[in-house]
Amino acid sequence: MRRYILKRLLISAVLLFFVSLIIYIIMRSIPTSYVETQARMLSQLPGAKSYTEWLTQLNETYGMDKGIVPGYFQWLKSAVRGDFGDSWQFNVPVTQKFAEVIWYSFVLGSIAFVLEIGIAVPLGILAARRQYSRMDYGITVIALLGISLPTFFFATVLKLIFAVWLDWFPLYGTVGRFYMQLDSIGRFLDLARHYFLPVLTLTIIGIGSLMRYTRTNMLEVLNADFIRTARAKGLSEKRVINYHAFRNTLIPLVTILGGSLPGLFAGALITETLFQIQGIGYTAYLAMVSGDIPFTMFYMVFMAVLTILGTLIADILYAVVDPRVRIG
Amino acid sequence: MDKDKMDKDRENRKDKIDRITEYTDIDNGLSDVQRVKVLSPGMLVVRRFLRNRLAIIGFVIITFMFLFSFVGGLLTPYNETQVFRYIGTMSKEYVSVTINEEFRFTVAEGMSYGNAAHARFILAKNRGDSVFTHNDDEYHIIQEAEDFYRVVLSEPKARITYIRGVMSVTPLENGLSFDEDVQNAIRQAIETEQTSFIVGEEQYTLTRQGRDYVLGTIEDVAIESLLITDGVNTNKDLGFGFKLALEKALRSGDSLSFQFEGDFYEIEEDENVASVYKVTGSSREQYALISQMAVQAISPDVVLTIEFKTALEKAIVDGERKFTYPDDAGNAIVYDINRINNVYTVKTETRTHLISMHEQPSSQHWLGTDKHGMDVLTRLMYGGRISLMIGFLVVLLETALGVVMGGLAGYFGKWVDMLIMRIVDVFFCIPFLPILIILGSVMDKLDVDPQKRIYYLMLILGIMSWPGIARMVRGQILSLREQEFMLAAEATGLSIYRRIFKHLIPNVIPQLIVLATLGLGGVILYESTLSFLGLGVKFPFASWGNIISGVSTAYEMTNFWFVWIPAGLLILLTVLGFNFVGDGLRDAFDPKMKR
């Protein structure tokens, strides 16, 4: 087991190397006007250095004066030491900005994640138990609707209904105008009001795939021989479903849920942008659109790490949960 | 109650029997000859697909979308980027009125007096000098009234010495003499320190030169005044003489009438505005308007009548915000007067060509018009074309790439497999949406042509999404190639190309079709998301995503729902349709999940 994990980690490191190389190449092929604009802006600040000085300094800082490969290694050298440079858009070290915003995304993602599990898993099981019933069709349609909904459209509709027409929830932001004057309960309620619509959006959008995954796996288990055996033994349907079937459905479920745990830190780019929640997604969007190379580089590599971590966790969990596939 | 239940039971039973007979009647009847008829695997799939209600719904939706986009685009009477206009009224600036605070000059006929001389005059006036020189000429300033000056040239006529009341006048030309009246006037002027005086018809200037004085006769060069005189006939200049006479009469205070070149004029003063009437016999007509206001039409082709100017200036003097004046046809037109410091802008409802923005749905525009004045329904149709086209081309590209790469990896195994699969892994790790956003903003910076942008977008989407297909194809081929038929294919000596593409790939096609169908929905979602963020398909080309993003403010969102809700619903329905069909196909191809 340990050897397996070690091997996987090693492969992941190699993978990460190539991923960051590709991202770096893409970032470098962006027209240099970004740096030029940045240098122009910086040189116009009161008491700043001249434009050419800034240009050379910025080019030097980000290895832009070198070729792509040496430039990449320079970036890599400081990156492995945890130094991702200063964000151009936010004028603070990239890691500092990241630490500021990541928790907004984490809270948002976690609440939506818990809700998704709470809704999708029971519904998926229900649909599988009554395959081809009206209930199954209904749940399938809801699941497919969730998958098919464009996030931006759904969020806009929710805003229109709940924020504009009914005026129950604010249009965007994380805290209200009078947040600082509120007591702790008031603050909590204020936050909850602001988080309601984004969480609702994420939950509805995310529910579909998990629901279908649960249903498919539950169906597979329900068709298995040991379920027939359990029924033949004369066990109550409740026990068959909740004990024999559900436990076995848990194997793929836990695997995939474990694999999506790192994703909680990934943020929701569209949702955060539309609701202007200062999470990692919104911040990254601002950085990307304004051509903030240091932050974007960091964000992309971070996302890649999360993906790699996700598959790694899923694979390891698979081996842990299901003794049949344990290696070595 | 019981009876109801019984009825229901009976109905149910009847229904069931009906269904059974229907089932046996058609083609599955055990007693029928057809029971021996064996359906081909393809037919079985079609049958299973057709039996799936959701799949049929999805199929209908997609067919509708195709008809809507491709046929609808042909049927609609409008173009993708046709802007609708109408003739309407709009509050437009008509006239601007400035309160004049700068001296303006009128030059006498035959005299040269330009802006440079004017500037010298202003300097001299502000210093309190009565003389200034310009181009070696000595100009005298004669103040006639407050803010009204005459600028004259003086011709020396006599030298005057004046010592303690004893005055002697020495003419500078032979045969020139000054009578008693003039001498007295000179004395008086010296004693009261005046620089000019009038005797009879003649005006004289008196300039100090050292201890002596120089007496001169004058010749008018220009008048400098804050007032502006407009004539009835805008083409004809009123002339220096008239203006001088008018201003003099106006300033004199009591005589509100004057004569000029044999004509008799009357002035009617009304606070800051004065009308000048020409009197001929018993009748009189307006001849000029004098005031401190400069009235100018905004549009150069508008000629303002003196009556209009008079009415407007009176309204401004009275401090009114609105005034009414009939136009040529005699209709009363209301003008709004807005003041900003010393400038008044007069606005009026003018008839112009306007773009019919955000028009409500009507029989002409079934879904109204958007903020560019374009027909929403037509744009939805063209947007559908682009979305569907992008969807199909991208899926085609990614499937082709995925099949080739996956086929190679699966068939050859070993290092080829290792290499391709690592590439796939790398692609999986690259965050999809962020990369698209970055490439989109790069295209923004490079100012890529909107038409070419669509193709680049397809290329990027296709290149980014092949790894999923490759992985699936490889997995299938890995298990297929161990089967007997592949051994047989190898034994018959078929070429590798033939073995992969004629024997292995066809066996993967069912899964490919499913993946491609489901992928179509995904591509359309990505495309619309990108377009919504303004990084995908660009205006003037329509796309369902950018139609929604055209509505950015809360005001537009609530009031012009007819622009963006249909676009969103179309995206939702199309993606849903593809998902339904994909799902149905999966069930049809792989009946393992059935009962």
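Biologist: Which side chains meet in a salt bridge, N to O?

Modeller: Please keep in mind that this is a predicted model. A side-chain nitrogen of Lys or Arg has to lie within 4 Å of a carboxyl oxygen of Asp or Glu for the pair to count as a salt bridge. Here the pair is A:Arg212 and B:Asp583, whose side chains meet with 2.3 Å from N to O. Between chain A and chain B the count is one salt bridge.

Biologist: What is the area buried between chain A and chain B, and how many residues does the contact take from each chain?

Modeller: The size of an interface is often given as the accessible area lost when the parts come together. For chain A and chain B that buried area is about 4200 Å², and carbon and sulfur atoms give 81% of it. The contact draws 47 residues from chain A and 46 residues from chain B. On the side of chain A, the residues that lose the most area to chain B are A:Tyr132, A:Phe152 and A:Phe153, which together make up 16% of what that side buries.

Biologist: How many helices and strands does the secondary structure of chain A come to?

Modeller: Chain A has 13 helices and zero strands, and its C-alpha trace spans about 85 × 60 × 35 Å along the principal axes.

Biologist: At what angle do the axes of helix α1 and helix α13 of chain A cross?

Modeller: An angle over 145 degrees counts as roughly antiparallel. The axes of α1(A), residues 2-28, and α13(A), residues 293-321, come within 10 Å and cross at roughly 155°, which makes the two helices roughly antiparallel. The crossing in which α1(A) passes α13(A) is right-handed. Among the residues that make this contact are A:Leu9, A:Leu16 and A:Ile23 of α1(A), together with A:Met300, A:Val305 and A:Ile308 of α13(A). By class, the residues of the contact between α1(A) and α13(A) comprise 18 nonpolar, four polar and two charged.

Biologist: How do helix α5 and helix α6 of chain A pack, and is their crossing left-handed or right-handed?

Modeller: For α5(A), residues 94-129, and α6(A), residues 134-148, the packing angle is about 140°, with the axes 8 Å apart, and α5(A) is therefore oblique to α6(A). Their crossing is left-handed. The contact is made by A:Leu123, A:Leu126 and A:Ala127 on α5(A), and by A:Met135, A:Asp136 and A:Ile139 on α6(A). Sorted by class, this contact of α5(A) with α6(A) has five nonpolar, no polar and one charged residues.

Biologist: In chain B, how do the axes of helix α2 and helix α16 cross?

Modeller: The axes of α2(B), residues 41-51, and α16(B), residues 561-589, come within 8 Å and cross at roughly 135°, so these two helices are oblique to each other. From α2(B) the contact takes B:Val45, B:Arg48 and B:Phe49, while the residues from α16(B) include B:Val581, B:Leu585 and B:Phe589. The residues of this contact of α2(B) with α16(B) divide into six nonpolar, one polar and two charged. As for handedness, α2(B) passes α16(B) in a right-handed crossing.

Note on methods:
Residues are numbered from 1 along each chain as its sequence is written. Chains are lettered from A and ligands numbered from 1 in the order in which they are written. This is a predicted model: local features need pLDDT of at least 70, side-chain atom pairs count only at pLDDT 80 or more; totals for chains, interfaces and linings use all residues. Side-chain values use heavy atoms; hydrogens and water are left out. Axes are lines fitted to C-alpha atoms, for helices over the stretch in contact, and angles run from 0 to 180 degrees between N-to-C directions. Helices (H or I, at least four residues) and strands (E, at least two) are DSSP runs, numbered from the N terminus. Angles under 35 degrees count as roughly parallel, over 145 as roughly antiparallel, 65 to 115 as roughly perpendicular and the rest as oblique. A crossing is left-handed if the near helix is turned anticlockwise from the far one by less than a right angle, and right-handed if clockwise. Contact means heavy atoms within 4.5 Å. Ala, Val, Leu, Ile, Met, Phe, Trp, Tyr, Cys and Pro count as nonpolar, Asp, Glu, Lys and Arg as charged, and the others, Gly among them, as polar. Buried area is the accessible area (1.4 Å probe) that two parts lose on being put together, summed over both.
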